[in-house]
Amino acid sequence: MLEMKPFENEAETMQIGEMTIENRVDQIELYGSLIIARDRTGLTKALQLKALVDAAVLHLQNANDLPEQVVFKSKDTVFNPFKN
């Protein structure tokens, strides 16, 4: 059921309802909204989210080289020719 392997690459994305999940090698980004209704569709969405979180937790638990906290580099500012 799980469409991605957490922390494996920088290219995978998946959707659960209106929630987008982006895979990264150092993080997983979740944004949007997710409604889990008390119906079969809600159950499917909940199971998809659970599979993703379970896979991420398993990966993190099995990692031997986890830093205390990932430090992200600031992004370079690119010249915008349309801004004054």
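Student: Why is Ile35 called exposed in this predicted model?

Tutor: Set the value against the cut-off: Ile35 has a relative accessible area of 63%, and exposed means over 50%, so Ile35 counts as exposed. You'll find Ile35 in the loop between E3 and H1.

Student: OK, over to Leu52. What makes Leu52 count as buried?

Tutor: Its relative accessibility is 2%. Buried means under 20%, so Leu52 falls in that class. Leu52 belongs to helix H1, which covers residues 40–62.

Student: Which residues does Leu52 touch, leaving out those up to four places away in sequence?

Tutor: Leu2, Met4, Pro6, Ile21 and Leu30.

Student: Now the charged side chains. How do you know that Arg24 and Glu10 form a salt bridge?

Tutor: The N to O distance is 3.8 Å, and the criterion asks for a side-chain nitrogen of Lys or Arg within 4 Å of a carboxyl oxygen of Asp or Glu. The pair meets that, so it is called a salt bridge. Arg24 is in the loop between strand E2 (18–23) and strand E3 (28–33), while Glu10 is in the segment before strand E1 (13–16), so the bridge ties together parts 14 residues apart in sequence.

Student: Why is Glu10 called partly exposed?

Tutor: With a relative accessible area of 47%, Glu10 sits between the 20% and 50% limits, so partly exposed is the label.

Student: What other partners does Arg24 have, and at what distances?

Tutor: Glu22 is one, at 2.7 Å, N to O. Glu29 is another, with the closest N and O atoms 3.5 Å apart.

Student: Are Glu22 and Arg24 buried or exposed?

Tutor: Both are buried.

Student: And what class does Glu29 get, and why?

Tutor: Partly exposed, because its relative accessible area is 25%, which falls between 20% and 50%.

Student: What do the salt bridges that share partners join together?

Tutor: Glu10, Glu22, Arg24 and Glu29, as one network.

Key:
Residues are numbered from 1 along each chain as its sequence is written. This is a predicted model: local features need pLDDT of at least 70, side-chain atom pairs count only at pLDDT 80 or more; totals for chains, interfaces and linings use all residues. Side-chain values use heavy atoms; hydrogens and water are left out. Helices (H or I, at least four residues) and strands (E, at least two) are DSSP runs, numbered from the N terminus. Buried means under 20% relative accessible area, exposed over 50%, partly exposed in between (1.4 Å probe, protein chains only). Contact means heavy atoms within 4.5 Å.
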